[in-house]
Structure formats: C-alpha cells, structure tokens
Amino acid sequence: MKVLLISANTERFNMPAMPLGLACVAEAAKNAGHDVAMLDLMFEMDVSATINGLITEFQPQCIGISVRNIDDQHCAAPVFLLEKVQEVVAVCRNLTDAPIILGGAGYSMFPESALVYLDADFGIAGEGEIAFPSLLTGMENNDDLSLIPGLYTRGHRSQRPRTFCPDLDLLALPETDILSASLSRTNEPWIPVQTRRGCPLKCSYCSTASIEGAVLRKRSPEIIAGWLADWVKAGYANFFFVDNTFNSPPAYAKSICRQILDQELAMHWRCIVYPKNVDRELVELMAAAGCKQISLGFESGSAPMLRNLNKRFTLEDVRAASALFAEQGIERMGFLLLGGPGETRHSVEESLAFADSLELDALKLTAGIRIYPGTPLAKIAVQQGVISPRDNLLSPQFYLAEELSGWLLERLKQWQDSRPHVLF
C-alpha cells in the first residue's frame with residue numbers, strides 16, 4: 001500500500017522538533033512491505049501547496065497525520081494548535097478519498113474528541129509501530145478492524161484498549177534517511193533520541209502515563225549506541241534525549257553513557273533530569289560522554305507544593321543535583337510550574353527565592369497548569385468546580401489557584417525584568 005505520513009507540527013517552542021515518533025512508524029510500515037513517503041510541515045511556507053504537490057505525485061492510498069501538541073500550554077492566552085491540523089486534514093480531504101488516520105502524543109490524550117474535531121477516519125492511541133501496520137494490512141484484506149488495539153473510528157470508541165510493547169528492542173529505530181529531509185532544513189539540527197517509554201512517577205498533572213503507559217520500558221544501551229553511531233557517521237553531532245527522565249533508573253543511564261564512551265562517539269547532547277538519584281558518578285559519566293545541557297524539572301521551590309504535585313524528591317535533592325552538574329560545567333535550565341492546588345503567594349515567593357539560590361543558566365516560568373484528562377489534577381479541578389466532569393478538556397483548561405488570579409502573572413513579569421536568564 002502507498003502510505004503518506006504527515007507531521008502536522010509547526011510549533012518550535014525551544015527548538016524545531018524533529019518527528020521521531022512518526023519516523024518510527026514510517027520505519028515499521030516500510031518493514032511491513034509498504035511504500036512510504038513522509039512529509040514534515042515544520043519548515044513549509046505554503047502547507048496547502050506542498051501537500052497538494054505530494055499527493056498529486058505520490059497518489060497515496062492511505063494518509064497518516066501525527067498530532068504532537070494540542071495547544072501551547074500558555075494559561076493567559078492559549079493557542080489552540082488543532083486548528084492548523086484541521087486545515088491539513090481538510091486539504092487532504094479535498095485532494096483524495098484515501099482514509100486519514102490520526103496518531104501521535106497529542107492525539108493519544110484525546111482519542112475520541114480529537115477524532116471528531118479533526119474529522120478523520122481512524123485514530124490510533126498509543127504506540128503506532130504495531131497498530132498502524134496492522135491497520136494497513138486489515139484495510140488491504142478487508143479484515144475486522146475492531147480487533148486492533150487502540151484503534152478508534154468515527155462514532156465508535158476502541159473495542160480493545162491500547163497496548164504497549166513490553167520490549168522496545170522489538171521496535172525498529174528509523175534509518176537516518178527518514179529524518180534527513182527535516183534535518184536539512186535547519187542550521188543546527190538536534191537529533192531526538194528516545195531510549196525508554198512509560199513513567200511510573202505519577203506527577204499530579206502529567207499526561208505521560210496516558211500516552212506511554214505507567215510501566216518503564218527500555219531499549220538496550222547497545223542498540224541505542226549503535227543507532228547514535230550511525231548518525232555520527234552521517235555527520236551529525238548534536239542530540240537531544242527526549243526521555244522524560246534520563247536518569248531513571250540511574251544504572252541504565254550510566255550504561256548509556258558508558259556505551260557512548262566505549263564507541264568514542266564525537267557528540268554533544270542534552271537531556272531531562274529528575275532531581276533524585278543523581279550521584280557524582282552519573283554526572284561525571286554524562287559530562288565525559290558529551291552532555292552539555294540538562295533540563296532540571298524541579299517545578300517548585302516549596303516543600304509543601306512538591307508534595308501537592310506528587311514529586312518524589314526534596315529541595316535538598318534539587319540543590320545537590322544542581323551543584324553536581326555545575327561542577328562539571330553542564331548548563332542547567334530549571335523549570336517552575338506555579339499556581340497548582342495549594343499554591344499561595346508565600347509558596348510562590350519561596351519558589352522564586354529557591355530558584356535564585358541555584359544560580360541556574362536559564363529558568364523557564366509557567367503560570368497555571370494545563371489540565372489533562374485522567375490525571376489527579378483533573379480530579380481535583382472537578383472537585384473544586386474548576387472544570388465540569390463532562391468537559392473532555394480538548395479545548396485548553398488550566399488550574400490556577402484562586403488567590404493568585406490577577407497577581408501571579410504580574411509578579412512573575414516583575415521578577416523576570418531584572419533577570420535576563422529567565423524565560424516567561
């Protein structure tokens with residue numbers, strides 16, 4: 001079957017995001033014997049003309065569209081990104097009768113409501129490397145599609161819940177050529193690397209478990225290092241480990257670093273670190289293996305708020321981890337997520353003072369927390385009347401502690417003015 005896969009994301013936020021997830025699905029579809037073309041809309045100036053030209057030339061029998069982000073998570077003036085995806089679907093509809101299948105992290109959080117809003121034919125919630133090729137085979141053979149786990153059709157919810165592959169080594173990583181078109185359009189490409197999926201930490205606001213599951217699953221460090229070696233050989237040097245917590249578990253993170261060192265890979269990289277179980281050996285290995293920047297997601301500098309957010313670390317853990325990375329010359333970008341349940345003006349001031357004390361290289365402030373379905377935060381928001389239990393949350397809704405309304409944004413703007421390293 002001739003399959004066109006489209007990455008609809010055009011939002012760059014901190015950096016242009018390469019469509020790694022869609023590339024993994026493309027690799028799986030290719031390995032299943034299908035003729036696959038992939039289009040990344042990130043750098044396209046005329047989206048409609050680009051899609052028109054490719055569909056006219058390629059004549060796909062099926063179109064997959066990846067939905068990465070629902071909105072920009074900006075509480076004061078949120079931008080609803082699905083409007084642009086809706087336009088992509090409409091362009092495809094006008095050009096071909098090929099069925100349209102949705103997937104991606106954003107779609108997986110809202111499989112029913114996003115399918116209706118975008119007016120697609122099918123949607124796959126969760127990992128697509130197994131479900132998508134199964135759907136293609138089923139369409140070719142006129143099989144009963146309802147048996148495919150995580151598959152949604154218009155007007156019908158999935159009859160079988162999404163499943164997660166227990167062994168990520170069974171899922172092929174994409175060849176370098178699949179992402180080469182995207183990478184050629186940016187001056188300083190950062191190759192995304194995902195070594196593990198799933199998260200058991202259960203932070204009160206986080207949607208990761210609904211996307212990837214709550215069980216941590218890992219690829220073999222040897223396979224990851226071999227894949228990195230292919231990219232380095234192809235001339236790339238910058239990598240971004242997109243794992244939610246690079247250092248979980250610590251022994252696995254150390255194995256990744258040792259593999260990079262053993263293969264003498266000339267690479268620079270950044271990652272996201274959970275501020276617990278960070279020891280000197282790990283940080284030294286990361287530095288030796290080429291780590292140049294970490295995102296330290298501590299979210300609050302108030303001990304009571306850490307408990308409210310269901311964080312498993314202390315302020316002392318954050319301070320110790322930050323100091324270790326500073327000693328090794330690794331840049332530290334911190335994050336404060338302010339306004340959640342129990343937040344007060346006093347706890348906000350505690351967080352700002354704590355962030356100042358860390359002397360970070362950069363700090364990102366977020367006021368108000370996006371509410372995602374199925375999270376503890378969503379339950380609290382319903383109990384407090386912030387949202388309705390009938391709200392599907394596709395349209396962005398935020399939690400902001402009532403006593404901070406009208407004060408928090410102004411306070412953060414004032415605080416930021418004298419701190420050039422702070423982003424808000």
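Burial, polar contacts and helix packing in a predicted model

Q: In this predicted model, which residues does Asp 121 touch, not counting residues up to four places away in sequence?
A: Asp 121 touches Arg 93, Ala 98, Pro 99, Ile 100, Leu 115, Tyr 152, Thr 153 and Arg 154, with residues up to four places away in sequence not counted. Asp 121 is placed in the loop between helix H5 (111–118) and strand S5 (122–124).

Q: Why is Asp 121 called buried?
A: The relative accessible area of Asp 121 is 17%. Buried means under 20%, so Asp 121 is buried.

Q: What makes the pairing of the side chains of Asp 121 and Arg 93 a polar contact?
A: The distance for Asp 121 and Arg 93 is 3.0 Å, and the cut-off for a pair of N or O atoms is within 3.5 Å, where one must be able to donate a hydrogen and the other to accept it. The side chain of Asp 121 also reaches the backbone nitrogen of Ile 100, at 2.8 Å.

Q: Why does Arg 332 count as buried?
A: Arg 332 has 8% relative accessibility. The limit is under 20%, and therefore Arg 332 counts as buried. Arg 332 lies in strand S13 (residues 331–338).

Q: Which backbone oxygen lies 3.0 Å from a polar atom of the side chain of Arg 332, and which lies 2.7 Å from one?
A: The backbone oxygen of Leu 358 is at 3.0 Å, and that of Glu 359 is at 2.7 Å. Leu 358 and Glu 359 are also among the residues that Arg 332 touches, as are Ile 294, Ser 322 and Phe 325.

Q: How do you know that Leu 363 is buried?
A: Leu 363, in strand S14 (residues 362–367), has a relative accessible area of 1%. Under 20% is buried, so the term applies to Leu 363. Beyond its neighbours within four places in sequence, Leu 363 is in contact with residues including Phe 298, Leu 336, Ala 355 and Trp 415. Leu 336 is 27 residues from Leu 363 in sequence and 7.6 Å away in space, C-alpha to C-alpha.

Q: Why are H14 and H16 called roughly parallel?
A: The axes of helix H14 (residues 345–358) and helix H16 (residues 408–417) cross at roughly 20° and come within 12 Å. Angles under 35 degrees count as roughly parallel, and therefore H14 and H16 are roughly parallel to each other. The contact involves Val 348, Glu 349, Leu 352, Ala 355 and Asp 356 of H14, with Leu 408, Arg 411, Leu 412 and Trp 415 of H16. By class, six residues in the contact of H14 with H16 are nonpolar, none polar and three charged.

Terms used: Residues numbered from 1 in each chain as written. Predicted model: local features only at pLDDT ≥ 70, side-chain atom pairs only at ≥ 80, totals over all residues. Heavy atoms only, no water. Helix = DSSP H or I, 4+ residues; strand = E, 2+ residues; numbered from the N terminus. Buried < 20%, exposed > 50% of the residue type's maximum accessible area, 1.4 Å probe, protein only. Contact = heavy atoms within 4.5 Å. Axes fitted to C-alpha atoms, helices over the stretch in contact; angles between N-to-C directions. Parallel < 35°, antiparallel > 145°, perpendicular 65-115°, else oblique. Nonpolar A, V, L, I, M, F, W, Y, C, P; charged D, E, K, R; others polar.
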